[in-house]
Amino acid sequence: MSTTTATETHAEHVEHHDLGFIRTYIFSTDHKMIARQFLFSALMFLVLGGLLAVMIRWQLGFPGRPLPAFIQWIFPDTMAPSGIILPEFYNSLVTMHATFMIFFALMPLMAGVFGNLLIPLQIGAEDMAFPRINMVSFWIMPVAGVIMLASFFVEGGAAGAGWTSYAPLSTSGEWTGVYMGQILWLVSLIVLGFSSILGSLNYVSTVINMRAPGMTWFRIPLATWSLFITAWLLLLAIPILTGGLILLLADQTLGTAFFRPEGSGEPLLWQHIFWFFGHPEVYILILPAMGFVSEVISCRSRKPIFGYHSMVLALVSIAFLSWVVWGHHMFQSGMNPLLGMTFVLTTVVIAVPSAIKIFNWMGTLWRGNIHFDAPLLHAVAFVSLFIIGGLSGMFMAAAPVDIYIHDTYFIVAHLHYVLVGGSLFGIFAGIIYWYPKMFGRMMHEGLGKVHFFLSFLFYNLAFFPMHNLGVQGMMRRIYDPNQYEFLQGLQPLNTFISISIFCFASTQIIFAFNFLWSLRKGKVAGNNPWKSNTLLWTTPSPPPHGNFPEMPQVYRGPYEYSHPDREEDYWPQDEPPATADAGGQTAPAPTLEPVPGD
Amino acid sequence: MSDAVIATMDRRPMPGMKVYNKKLGMWIFLLSEVMFFTSLIGSYVILRFAHPDHWTDPGTVLNVPLTAVNTFFLICSSVTMVKAFAAIQQGDQKGLQRWLLATILIGAAFVGIQVVEYMALSGEGFVPMLDSYHAVGRGNPHEGPSLGGPLYGATFYAMTGFHGAHVSIGVLCLIFVYVRSLQGAYTADNLEGVEVIGLYWHFVDLVWILLFTIVYLI
């Protein structure tokens with residue numbers, strides 16, 4: 001059976017040489033090429049989102065001071081006359097920073113890049129279940145990105161109602177001064193939703209139906225597990241957002257009144273729709289990073305992952321719980337206290353699976369043979385920063401505390417601890433760890449370490465003091481805190497944070513240099529530079545079209561490191577078990593038959 | 001990726017579900033469709049509970065008899081779809097073409113009647129817009145008090161409109177399948193396309209039964 005597939009895969013490989021530039025590099029149906037396309041475009045959006053953040057911090061660190069002369073010329077008088085950022089433009093900056101980072105950087109980096117790269121390779125498939133749908137799913141994203149970018153150049157500027165676009169602020173240009181920008185924002189996200197749905201449809205089908213023989217559910221690597229769960233969340237959450245966005249667009253353009261109070265519409269309905277999508281979205285942005293970190297920590301400490309099954313169950317239970325906690329974003333919006341209490345309880349329960357994961361990571365590291373290289377450092381940073389972000393989340397989960405800190409910089413600190421300290425460090429770990437498989441070369445280890453230590457330092461200097469700002473009452477999204485007397489004393493801290501952010505942003509240049517330099521000059525990686533177990537590492541780097549020369553047969557779980565009976569400290573999933581001379585301790589060879597119960 | 005490889009990928013021995021990829025993919029896609037309609041129906045439920053004064057008794061504004069006939073048509077089209085699939089399971093290509101054509105015509109008729117209904121309703125002032133909503137009761141379209149409120153019109157058009165769009169897309173896909181069937185693309189062993197579009201069509205039908213109940217009858 002596998003021989004037929006092998007010949008055909010080979011035939012396909014040969015055929016691909018004739019596809020030409022456009023089919024190979026632009027409209028490619030190969031999941032690895034699509035992963036690379038997602039990677040480059042999402043990194044560009046990440047840079048853009050970062051630059052918007054730098055502008056936000058310029059205003060907060062030095063309110064009213066003109067931007068440096070060398071970038072003043074970029075901005076017309078409607079944004080920053082003589083370099084001074086206008087309040088309306090500041091609203092757009094805050095909105096678009098979040099929008100680009102969440103929808104165009106983090107989601108594509110996690111689901112788009114690693115979903116495409118890892119899922120077929122880790123489960124032993126030739127490609128996705130629907131390669132052409134996969135291509136469409138990528139190409140929708142730049143289209144949506146262009147629409148979103150265009151909103152900066154229309155009259156009134158880009159959307160300024162926050163990434164949550166709360167009604168009634170978002171329902172009419174009368175409130176924000178943004179007319180076309182808000183409409184483009186809505187259209188762009190509706191379009192982008194199709195990318196997410198098509199992509200996740202593909203991931204779910206691929207994981208269910210395309211696994212190699214022997215790849216049972218509980219032999220699937222945790223990165224693929226987390227992407228599988230994330231795909232389910234995307235699949236079910238994005239349509240909710242799309243529905244809400246369409247109704248909001250109707251309010252904007254057709255004159256309906258779903259969310260407009262002047263026509264008996266319900267602004268709170270928008271909040272319910274948005275956060276019913278929005279809370280699963282929060283986990284969409286963190287679960288994949290948890291998967292990457294699990295892979296890296298287990299491999300780099302040369303130990304089986306502690307509690308594999310509990311890791312999977314924790315992922316599943318976080319995903320389930322994410323559907324019943326959305327109200328904790330709305331404690332301040334007016335809610336029956338009994339209902340509020342319910343949301344407090346469901347939210348606090350999420351701490352349990354999260355803590356299980358954290359203890360499992362620590363249990364994996366415990367007395368491991370830890371290799372302190374760049375992926376591991378980023379992964380450990382993920383764990384520690386996620387603990388801080390998770391604990392500050394507990395404050396917000398408690399309604400009485402949340403009412404005090406709601407919409408302050410405490411929230412900003414929390415979400416950046418989870419999304420930058422968590423997701424972004426997880427993505428860095430993933431990029432460095434799987435870079436050799438994507439490009440055939442290693443990233444430079446020394447530069448990687450320098451980038452890590454500087455990032456970790458400036459990151460914490462920038463975001464930890466924000467907790468303090470929030471507790472002292474500084475509002476989120478405020479243009480100039482100095483307009484309030486009680487916030488004027490916080491200006492030195494704000495300036496300090498801004499300088500730290502500038503340093504953090506500059507540090508990313510090291511990463512960008514390392515990334516680009518290693519494409520050409522990095523050390524050639526070979527098949528398995530990290531001595532890891534998953535099927536991914538049995539393929540050449542980068543893998544050819546069709547991935548596996550012949551269909552792999554899986555014999556064991558993905559984390560069999562430092563097995564006492566083996567000389568080598570790793571045991572690839574597809575290596576046939578030794579015969580009886582290994583003391584009879586090895587598992588019996590599985591057959592081609594699917595395992596019962598799958 | 002060539003079609004040959006995609007075809008072999010569908011037939012791998014693997015520990016997956018005993019369903020071919022396209023069918024599995026359609027089921028998963030329909031789950032996301034369920035969530036989309038959930039957002040529309042959920043909004044409707046919340047708005048209606050919050051503003052019961054925007055709604056009136058069933059049948060006073062909307063033309064229930066006409067839509068009941070239309071609903072019957074759509075249910076019939078599900079039957080013809082089943083007949084089309086049954087025909088090709090027997091290898092009956094002529095039967096497949098005949099029943100597909102019937103499904104397409106009935107589906108198109110459904111959309112057509114919906115357009116007629118929309119034009120009549122908007123002519124009577126039943127529109128989604130806040131400012132121009134002025135619906136009057138059935139029977140005396142030129143006089144009588146205004147009925148309901150703009151949320152009635154807005155939710156009506158949102159729900160039935162997106163359903164109509166789904167039916168229209170379904171008709172287009174069915175035309176595609178029909179053209180392929182005329183070329184003899186489907187046989188008793190190769191009927192995935194027919195089955196997958198059938199799943200979508202039955203889903204759209206099912207959603208309509210739900211929408212007809214809550215929009216027109218309650």
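Helices here are DSSP runs of H or I with at least four residues, numbered from the N terminus. On that count, A:Pro542 sits in the segment after helix 19 (491-521) of chain A. The model is a predicted one, and A:Pro542 is a handy place to start, since a cis peptide bond joins A:Ser541 to this proline, with omega at about -10°.

A cis bond also turns up between A:Ala167 and A:Pro168, where omega is near 0°. This time the proline belongs to the loop between helix 6 and helix 7 (173-176) of chain A. As background, most peptide bonds are trans, and most residues other than glycine have a negative phi.

On the phi side, A:Ser264 has a positive value near 65°. This serine is in the loop between helix 9 and helix 10 (267-284) of chain A, and is partly exposed, with 16 other C-beta atoms within 10 Å. A:Arg477 likewise has a positive phi, near 65°, and is found in the loop between helix 18 (445-471) and helix 19 of chain A. For A:Arg477, 16 other C-beta atoms lie within 10 Å, which makes the residue partly exposed.

Setting aside neighbours within four places in sequence, A:Val293 touches A:Trp361, A:Ala379, A:Phe382, A:Val383, A:Gly426 and A:Ala429.

Two helix pairs round out the picture. The axes of helix 6 (residues 131-150) and helix 8 (residues 180-209) of chain A come within 8 Å and cross at roughly 165°. Angles over 145 degrees count as roughly antiparallel, so helix 6 of chain A runs roughly antiparallel to helix 8 of chain A. Their crossing is left-handed. Among the residues making the contact are A:Ile133, A:Ile140 and A:Ile147 of helix 6 and A:Leu184, A:Val191 and A:Leu198 of helix 8. By class, the contact has 16 nonpolar and 6 polar residues, and no charged ones.

In the second pair, helix 9 (residues 222-253) and helix 11 (residues 287-300) of chain A have axes that come within 7 Å and cross at roughly 175°. These two helices are therefore roughly antiparallel as well. Contributors to the contact include A:Trp225 and A:Ile229 from helix 9, along with A:Met290, A:Phe292 and A:Glu295 from helix 11. Here the residues divide into 9 nonpolar, 4 polar and 1 charged.

How values were computed:
Residues are numbered from 1 along each chain as its sequence is written. Chains are lettered from A and ligands numbered from 1 in the order in which they are written. This is a predicted model: local features need pLDDT of at least 70, side-chain atom pairs count only at pLDDT 80 or more; totals for chains, interfaces and linings use all residues. Two residues are in contact if their C-beta atoms, placed from the backbone, lie within 7 Å. Axes are lines fitted to C-alpha atoms, for helices over the stretch in contact, and angles run from 0 to 180 degrees between N-to-C directions. Angles under 35 degrees count as roughly parallel, over 145 as roughly antiparallel, 65 to 115 as roughly perpendicular and the rest as oblique. A crossing is left-handed if the near helix is turned anticlockwise from the far one by less than a right angle, and right-handed if clockwise. Ala, Val, Leu, Ile, Met, Phe, Trp, Tyr, Cys and Pro count as nonpolar, Asp, Glu, Lys and Arg as charged, and the others, Gly among them, as polar. A residue is buried if 20 or more other C-beta atoms lie within 10 Å of its own, exposed if 12 or fewer, and partly exposed in between; C-beta atoms are placed from the backbone.
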